[in-house]
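Trainee: I would like to learn how to read a structure feature by feature. Could you take me through one?

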Amino acid sequence: MPKMKQMVKRTEVEVAQRQRTCRFSKAKIPRGEPCIVLYESPRDRFCYSHATALEMIKLARARLDELENELSAH
């Protein structure tokens, strides 16, 4: 039986072991702060600050709700 595809890419919450830079806002993420890391491929990883990550989650949740509503309407 085929395996279902994941709609959400590999994303993890990490605690910065060193200073990082938010990919979106270019804000500094200090050492010890939690951040979201999005993996595009095994070598490509992008860090996002706490505030940016929360906005990204809200947008993703809204889009998934739209898709669910559209699918349920048919």
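Trainee: Where does Glu14 lie?

Mentor: The model is a predicted one. In it, Glu14 sits in strand β1, which covers residues 11-15.

Trainee: Is Glu14 buried or exposed?

Mentor: The test is relative accessible area, and buried means under 20%. Glu14 has 16%, so it counts as buried.

Trainee: Which side chains make polar contacts with the side chain of Glu14?

Mentor: One is Arg20, whose side chain is joined to that of Glu14 by a polar contact of 3.0 Å. Another is Tyr39, where the side chains are also joined by a polar contact of 3.0 Å.

Trainee: Which residues is Glu14 in contact with, leaving aside its neighbours within four places in sequence?

Mentor: The list is Arg20, Glu33, Pro34, Cys35, Val37, Tyr39 and Arg45.

Trainee: Next, the residue Val15. Where is its place, and how exposed is it?

Mentor: Val15 also belongs to strand β1. The general idea about strands is that in a regular one the side chains alternate between the two faces of the sheet. As for accessibility, Val15 has a relative value of 45%, so it counts as partly exposed.

Trainee: What does Val15 touch, not counting residues up to four places away in sequence?

Mentor: Val15 touches Arg20, Gly32, Glu33 and Pro34. Take Gly32: it is 17 residues from Val15 along the chain, yet their C-alpha atoms are separated by 5.5 Å.

Trainee: How do I read the pairing of strands? Which way do β1 and β4 run?

Mentor: Look for bridges between the two strands. β1 and β4 are joined by 5 bridges and run antiparallel. Within this pairing, Val13 is found opposite Ile36 of β4.

Trainee: How many bridges join β4 to β5?

Mentor: There are 4, and these two strands are antiparallel as well; β5 covers residues 45-48. Tyr39 has Arg45 in β5 as its bridge partner. The two strands form a hairpin, with 5 residues between β4 and β5.

Trainee: Why is β4 described as largely enclosed by the rest of the structure?

Mentor: Count its buried residues. In β4, 5 of the 6 residues are buried, so the strand is largely enclosed by the rest of the structure.

Trainee: Now pockets. How does one find empty space?

Mentor: Rolling a probe the size of a water molecule over the atoms shows where empty space is left. Here the largest pocket has a volume of about 320 Å³.

Trainee: What lines the largest pocket?

Mentor: Its lining has 13 residues, and those nearest its centre are Val8, Thr11, Leu38, Met56 and Ala60. By type, the lining divides into 10 nonpolar, 1 polar and 2 charged residues.

Trainee: Which elements each supply at least two residues of that lining?

Mentor: They are β4 (34-39) and α1 (50-73). The largest share, 7 residues, comes from α1.

Trainee: Last, a residue in helix α1, Thr52. Is Thr52 buried or exposed?

Mentor: Apply the accessibility test again. Thr52 has a relative accessible area of 11%, so it is buried. Its side chain makes a polar contact of 3.0 Å with the side chain of Ser49.

Trainee: What does Thr52 touch, not counting residues up to four places away in sequence?

Mentor: Thr52 touches Cys22, Phe24 and Ser25.

Conventions. Residues numbered from 1 in each chain as written. Predicted model: local features only at pLDDT ≥ 70, side-chain atom pairs only at ≥ 80, totals over all residues. Heavy atoms only, no water. Buried < 20%, exposed > 50% of the residue type's maximum accessible area, 1.4 Å probe, protein only. Polar contact = N/O pair within 3.5 Å; in protein donor to acceptor, adjacent residues only side chain to side chain. Contact = heavy atoms within 4.5 Å. 1 Å grid on protein atoms, 1.4 Å probe; cavity = no way out; pocket = protein on both sides within 12 Å on 5 of 7 lines; lining within 4 Å. Points joined across faces, edges and corners; volume = space filled by probe spheres on them. Nonpolar A, V, L, I, M, F, W, Y, C, P; charged D, E, K, R; others polar. Pairing = 2+ DSSP bridges.
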